Amino acid sequence: MIEIVKVDAQNWEPYMELRHHVFCVERDVPEDIQIDEYDTLTGCAEHFLICRDGVAMGAFRCRPEGSHIHLQRFCVLESYRKQGLGRAMLEFARDYYREKGFDKIVMVAKFSAKPFYEKCGCVTVSGVFMEVGLPHVN
């Protein structure tokens with residue numbers, strides 16, 4: 001069974017290990033960029049894991065910015081991609097934050113992931129720009 005759970009002290013380590021693997025190992029993002037001031041349990045960001053039968057497969061965090069939510073560190077382990085997990089995570093975030101009164105979610109996405117986000121109903125609102133050495137869009 002797939003579930004999306006809010007990260008707390010008990011699952012913080014698996015959450016950070018998953019992010020490290022996807023961003024630093026798979027994508028070669030430097031650790032000092034992947035981890036920042038929002039990576040705490042006491043700050044304004046909320047962190048989430050998507051799991052199947054207790055196995056962490058994906059992660060993301062969200063933080064409020066005025067009337068919208070900034071979705072960040074959105075990732076799925078390579079071996080679990082193309083199984084609908086990313087779409088489930090986006091739908092969860094939309095519903096969860098809509099219930100909290102936020103009107104939209106914004107994100108910076110790798111340009112190569114743009115087709116995925118568009119299939120999920122996201123709209124590109126910027127041109128291509130470079131971030132951590134890779135092309136991205138808003």
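**Note on cysteines and aromatic contacts**

1. The sulfur of Cys51 lies 12 Å from the closest cysteine sulfur, that of Cys75, which is too far for a bond. Cys51 is buried, at 10% relative accessible area (buried means under 20%, exposed over 50%, partly exposed in between; 1.4 Å probe, protein chains only).

2. This is a predicted model, in which local features need pLDDT of at least 70 and side-chain atom pairs count only at pLDDT 80 or more, while totals for chains, interfaces and linings use all residues. Residues are numbered from 1 along each chain as its sequence is written, and side-chain values use heavy atoms, without hydrogens and water.

3. For Cys44, the closest cysteine sulfur is in Cys62, 11 Å away and too far for a bond. Cys44 is partly exposed, with 44% relative accessibility. The whole structure contains zero disulfides (cysteine sulfur pairs within 2.5 Å).

4. Twelve aromatic pairs are found in the whole structure (Phe, Tyr or six-membered Trp rings with centres within 6.5 Å; planes under 30 degrees apart are stacked, over 60 edge-to-face, the rest tilted). Phe48 and Phe92 form an edge-to-face pair, with centres 5.3 Å apart and planes at 65 degrees. This pair ties strand E2 (residues 46–52), which holds Phe48, to helix H3 (residues 85–99), which holds Phe92, across 44 residues of sequence (DSSP runs numbered from the N terminus: helices, H or I, of at least four residues; strands, E, of at least two). Phe48 is buried at 1% relative accessibility, whereas Phe92 is partly exposed at 23%.

5. Tyr96 and Tyr97 also pair edge-to-face, at 4.8 Å centre to centre and 80 degrees between planes. Tyr96 is partly exposed at 21%; Tyr97 is buried at 3%. One aromatic cluster includes Phe48, Phe92, Tyr96 and Tyr97.
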